[in-house]
Amino acid sequence: MSSEFTAKFFQHVDASVPQYVSELGEAVAIPSVSADLQNHLKDIIKMEEWTMAYIEKLGGTAELLPNPKRRDDNGNELPPILLAEFKATENSDSKKTVCCYAHLDVQPAALEDGWDSDPFVLTERDDKLYGRGATDDKGPALSWLWVIQAHRKLGEDLPVNVKLMFEGMEESGSEGMFEAIQILSKEGKFLSDVDFFCISDNYWLGASKPCLTYGLRGLAYFSVSVKCCEQDLHSGVLGGTVHEAMTDLVQLMASLIDSSGKILVPGIMDDVAKVTPEEDALYDTIEFDCESYKKENKVASVSNKLMHENKKDLLMARWRYPTLSLHGIEGAFSGTGAKTVIPAKAIGKFSLRLVPDQDPSRIEKCVTDHLNKVFSSLGSPNKMQVSMLHGAKAWLSDPKHPNFEAAAKATEKVYGLLPDYTREGGSIPITTAFEEATQMNVCLLPVGACDDMAHSQNEKYNKKNLINGVKVLGLYLHELGELKGPKPSKCRCVELTAEELMEPGAFMRGFQCKCMM
């Protein structure tokens, strides 16, 4: 990649900011809320068609793939999945291919929720762009198109082939996406020749220093219900005469975790890997301040205390150890005022965030066995039921993979410093789905800041993050184009021998493999 192209590309991006803001405003104005398909399916499809038209205007090929799942559990039609491709003009067959994933649906939002401006009207204040979907994920999604557009206007060929896979159900469980990935990963299908994946759907650890994310926790979400009768009862008339469901449920919930954050379920920690010296060292250079963290998360004005008071312990607790959180109780009285009712049935909701080597099915058994044992010890005649509602494995990648190295070099050229390498406490199941189906590396390359308030009121995207995000994604493509070696998707190497595994880097498809030895 020449310094001449970099300079021209940066100048083009800087000059195009008014266009970018205007087009992001058009996208934000489409209320593509996936949580309400009855009212907003048409808006999700409108957003996908708007994006498809933009892609075709840039010379790409695009199609709307019918959702493999067709309908959700409530019978609502599911939106299609947008697939697109931009091939390099020269030597496209020998150039590597990257697939960029994003989503075009958004969380619900309304002015009366506490927004300072209409959430579906992009509003600029203090160089920040406020609007639902501005940072999650319409801004990053459009950035890939702006990168392609810049190459077209500058007369520059693409250094790699670019594929896009944009969905419309990410905020509601990505229904149909996992089935689509399995179908499209088969030989000769859309994903079968992809060498790298890139996702920009998470955020920096802080507000000023960029990062790359190489790990995500998994999820096991549970409900535990206790039923004592067929309908709610009057506590004055019947209190003291029946075994109350809520009393049992509170004791069950309290048996899961203590106030220090220690998980009390036997067996949960058995499969958690020990921290290696190499992993421990990654935390040393991360830019993070515990006091700022308290303020950002509105803890400072209440308890002013965190579970851990030093950076390394806090980040490890947030990223690389499992946690258990109690979310709420359904069926109990939760309105304002007073209601003297004995709930007929109470349902507790809780979840565990899982780490590598933890299997959701084994976690389900541990939790179920524990709650059955505790309930039995209560001697209650009530009926209890435990269900795992969602389960997803954790994801952990290699921050030294060439895909990450390309992203790091691009970031350094834009920001003048290397990014932090971070893990996240949340889950993005689509990441694991891509890797397991294709065996290709996925890099999480966030472009938004930690305080963008995705999912919350006053979601925003900093203009400087928008500008630098386009620059980073553009240079990332060029760094991928400079990687040596065969296309990883075409590498058919068998596993390396024990001796070959001793080579620095060991097996890495298309790089440290028999193709290169």
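This is a predicted model: local features need pLDDT of at least 70, side-chain atom pairs count only at pLDDT 80 or more; totals for chains, interfaces and linings use all residues.
**Asp357**

I started with Asp357, which counts as exposed because its relative accessibility is 56% (exposed is over 50% relative accessible area, buried under 20%, partly exposed in between, with a 1.4 Å probe and protein chains only). I found Asp357 in the loop between β13 (345–354) and α11 (360–378). Helices here are DSSP runs of H or I with at least four residues, strands are runs of E with at least two, and both are numbered from the N terminus. I also looked up the backbone: Asp357 has a positive phi of about 80°, although it is not a glycine.

Residues are numbered from 1 along each chain as its sequence is written, and side-chain values use heavy atoms, with hydrogens and water left out.

Met453 sits in the loop between β17 (441–444) and β18 (460–462). Its relative accessible area is 41%, so Met453 is partly exposed.

Then I checked a peptide bond: the one from Asp136 to Asp137 is cis, with omega near 10°. Asp137 belongs to helix α4.

**The whole chain**

I stepped back and looked up the protein chain, which has 14 helices and 18 strands. Its radius of gyration is 25 Å, close to the 24 Å that the globule rule gives for 517 residues, so the chain is as compact as a globular protein of that length. (The radius is taken over C-alpha atoms, and the rule is 2.2 Å times the number of residues to the power 0.38.) I noted the box that the C-alpha atoms fill, roughly 80 × 60 × 45 Å along the principal axes.

How much of the chain is buried? Buried residues make up 53% of the 517. The accessible surface comes to about 23300 Å², and 50% of that belongs to carbon and sulfur atoms (Shrake-Rupley method, 1.4 Å probe; for residues, only the protein chains shown count as cover).

I looked at contacts too, meaning heavy atoms within 4.5 Å. Among contacts between residues at least 6 apart in sequence, 78% join residues at least 24 apart.

**Helix α3**

At 1.5 Å a residue, its 21 residues should span 30 Å, and the end C-alpha atoms are 29 Å apart, which agrees. (The expected span is 1.5 Å times one less than the number of residues.) I listed some of the buried residues of α3, among them Leu37, His40, Leu41, Ile44, Met47, Trp50 and Tyr54. What do the buried residues of α3 pack against? I got α2 (17–28), β1 (61–65), β2 (81–86), α4 (134–154) and β6 (161–167). After α3 comes Gly59, whose phi is positive, near 95°.

**Helix α14**

I repeated the length check on helix α14 (residues 463–481): 19 residues should span 27 Å at 1.5 Å a residue, and the end C-alpha atoms are 28 Å apart, which agrees. I see that α14 is mostly covered, with 17 of its 19 residues buried.

I looked up Ser223 in strand β9 (residues 218–227). Ser223 is buried because its relative accessible area is 11%. Leaving out residues up to four places away in sequence, Ser223 touches Ile347, Gly348, Lys349, Gln385, Val386, Ser387 and Leu389.

Next I took Leu326 in strand β11 (residues 323–330). At 41% relative accessibility, Leu326 counts as partly exposed. Its contacts, again not counting residues up to four places away in sequence, are Met253, Leu256, Ile257, Lys349 and Phe350. Leu326 and Met253 are 73 residues apart in sequence, yet 7.5 Å apart in space, C-alpha to C-alpha.

**Two loop residues**

I finished with loops. Lys298 is in the one between α9 (290–296) and α10 (311–319), and Lys298 counts as exposed at 65% relative accessibility. Lys298 and His12 are 286 residues apart in sequence and 40 Å apart in space, C-alpha to C-alpha.

Gly188 lies in the loop between α5 (177–184) and β7 (196–199). I read 67% relative accessibility for Gly188, so Gly188 counts as exposed.
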